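Subject: Structure handover

Hi,

Here is the structure for you to open. My notes follow below it.

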Amino acid sequence: MTAHSETTRTSKDDVMKMMQTLSNWGRWGKDDQLGALNLITPQKRREAAALVKEGVSISLARNAVKVRVGPSAPFEHRMLQTGLTPGSDSSGDVFSVQFHGFTHTHMDALCHIFHEGRMYNGYSQTEVTEKGAAKLSIIAVKDGIFTRGILMDFPLLFGAHYLKGDRPIYPEDLEAWQKKTGLTVGSGDAAIIRTGRWARWAAEGEWDIEKDSSGLHVSCMPWFKEKDVAILGSDLAMDVMPSRVEGIALPVHLVTINAMGVPILDVCDLEPISKSAAQRNRWDFLLTMAPLAVEGGTGSPLNPIATF
């Protein structure tokens, strides 16, 4: 397992400096609402399409469930009409989901995180009202995402089934994964971080997610900015929890979304793709996804698809 010096601390002041030094505000113009998704160019899409060799697709989504997982609200599925409804010639139902949190696979739009009254690219947080987000909403991603995905499987790297909450992921771990796989994370890529959250759930059952969960340490953010990633995703909420930064609960979310303009995929189920990637000894793939086209939405439930 890669060692990290716990004497090296990241303070709130360090994170505030990252908000400036890693910022993509203005990079694609003052009116930009796509952020780092601008890095997924037509050429990038063509290169991603060329990764499809077998035509085998694997979902990265957790099945929607009607029970609570962690502190998040459950998925609501109510039938309106069934095969038992008298005179029925069809079936129908209603879905309802409060998707932000730790239960449902979803994308965070760039309007999701505020800092000092501002969202990504300097838009005021007052652009988000009871009517929804007038700027940076999920509708900006209506055309979908089609790019190279890279699975970074840290339980595999460390020889474990899953990571415990006392194991943050540090920049040297990111480098170790690249060395192990021979892959290099590059501009426009989607970096998908596996901590083994669902393997841990199967083995241990429920735990206090906000007090004992592995994830990225915020010191990884300069590494991802240097790589110019377009998307970050994980099987929980990206951040190690607790964050190891006094005064900021989710510093990775803050820097990634608000400063870098990188949307986040939360609560993916990476167990199936972990097995498939290991069988193939292959960790990159075409990643496709299409959020719901909701005007003003702060994000969307999602079913990301990896295709080998």
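Start with a helix pair. Val15, Met16, Met18 and Met19 in H1 are in contact with Pro251, Leu254, Val255, Asn258 and Ala259 in H7 (contact: heavy atoms within 4.5 Å; helices are DSSP runs of H or I, at least four residues, and strands are E runs of at least two, numbered from the N terminus). This contact holds 8 nonpolar residues, 1 polar and no charged (Ala, Val, Leu, Ile, Met, Phe, Trp, Tyr, Cys and Pro count as nonpolar, Asp, Glu, Lys and Arg as charged, the others, Gly among them, as polar).

The model is predicted: local features need pLDDT of at least 70, side-chain atom pairs need 80 or more, and totals for chains, interfaces and linings use all residues. Numbering runs from 1 along each chain as its sequence is written, and side-chain values use heavy atoms, without hydrogens and water.

H1 spans residues 12-21 and H7 residues 251-259. Their axes lie 9 Å apart, at an angle of about 20° (axes are lines fitted to C-alpha atoms, for helices over the stretch in contact; angles run from 0 to 180 degrees between N-to-C directions). That makes H1 roughly parallel to H7 (under 35 degrees).

Now the backbone. Most residues other than glycine have a negative phi, and most peptide bonds are trans. Asn121 has a positive phi of about 65°. Asn121 sits in the loop between strands E4 (106-108) and E5 (128-129). The Met241 to Pro242 peptide bond is cis, with omega near 0°. Pro242 is in the loop between strand E9 (231-234) and H7.

Best wishes

Definitions and conventions. Parallel < 35°, antiparallel > 145°, perpendicular 65-115°, else oblique.
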